[in-house]
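Work through the exercises below with the model open. Try each task before reading its solution.

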Amino acid sequence: MKRTSSLAIRTASAALTAALLALSATACSGSGAPKPRSGGPVWAEGQGAAEAVGFMRVQTPAGATEMKGAVQHGFQDTTYLLSFAASTGDAEAFVADLRPEEALRANTPRDSTTYTTITPWSHLGLPEPETQQKVRTTSVCPPCIKDERRSAVQSITIFVQDIGDGRARVYLKAF
């Protein structure tokens, strides 16, 4: 009798476990059918330069032109892009205000025909700064340098391209 009772308990326990697993699987998906997963990062419609400026808490130079921006929602982070053209002096002062850990350094351009990494700047109609001539780059980690102005920003990658006639294009990518 003890043997039958033990077998019955194990059978009931296995049935209960299977039922609970089935319930938990359908409870997470709502309808029981798996929900489609997005194929990757998504550009936020109607969000651009103003949102990027607000997130990075920057003040672009008064003479800045060709201002472009975008917001991309990814799986883990939201990325903010901002680009503008300004006088070389204004661009240098702007970058200095970001307090980068290292000075701008020359960027060796990559071949644009074989450059296969993610190309977010093309979304704004701009070439990727890594593929351009006369580009310098640096980065800043606002929390690392205790920049309370930008406490919500984890990182800003900075590119400055000399576009001639005493002007520069600034590219900022932040998350």
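β1 and β2 pair in the antiparallel sense over three bridges. Strands pair if DSSP finds at least two bridges between them. The model is predicted: local features need pLDDT of at least 70, side-chain atom pairs count only at pLDDT 80 or more, and totals for chains, interfaces and linings use all residues. Residues are numbered from 1 along each chain as its sequence is written, and side-chain values use heavy atoms, with hydrogens and water left out.

**Exercise 1. Aromatic pairs**

Classify the pair F84 and F94: stacked, edge-to-face or tilted? Then do likewise for W121 and Y171.

Solution. Rings of Phe, Tyr and Trp (its six-membered ring) pair if their centres lie within 6.5 Å; planes under 30 degrees apart are stacked, over 60 edge-to-face, the rest tilted.
- Step 1: A search of the whole structure gives three aromatic pairs. Among them is F84 with F94, 5.0 Å centre to centre and 85 degrees between the planes: edge-to-face.
- Step 2: F84 is in strand β3 (residues 78–87) and F94 in helix α3 (residues 88–97), so the pair ties together parts ten residues apart in sequence.
- Step 3: Check burial (buried is under 20% relative accessible area, exposed over 50%, partly exposed in between; 1.4 Å probe, protein chains only). F84 is buried at 0%, and F94 is buried at 6%.
- Step 4: The ring centres of W121 and Y171 are 4.9 Å apart with planes at 85 degrees, so this pair is edge-to-face.
- Step 5: W121 sits in the loop between β4 (105–106) and β5 (135–140), and Y171 in strand β7 (residues 167–174), 50 residues apart. Both W121 and Y171 are buried.

**Exercise 2. Positive phi**

Where does R57 lie, and where is D165 found?

Solution. Most residues other than glycine have a negative phi.
- Step 1: R57 lies in the loop between α2 (49–56) and β2 (65–73). Its phi is near 55 degrees, a positive value. R57 is exposed at 59%.
- Step 2: D165 is in the loop between β6 (156–164) and β7. Its phi is near 55 degrees, a positive value. D165 is exposed at 82%.

**Exercise 3. The disulfide**

Which residues form the disulfide, and is it right-handed or left-handed?

Solution. A disulfide is a pair of cysteine sulfur atoms within 2.5 Å.
- Step 1: The search of the whole structure finds one disulfide. C141 and C144 form it, with sulfur atoms 2.2 Å apart.
- Step 2: The torsion about the S-S bond is about 65 degrees, so the disulfide is right-handed.
- Step 3: C141 is buried at 16%, whereas C144 is exposed at 55%.

Definitions and conventions:
Helix = DSSP H or I, 4+ residues; strand = E, 2+ residues; numbered from the N terminus.
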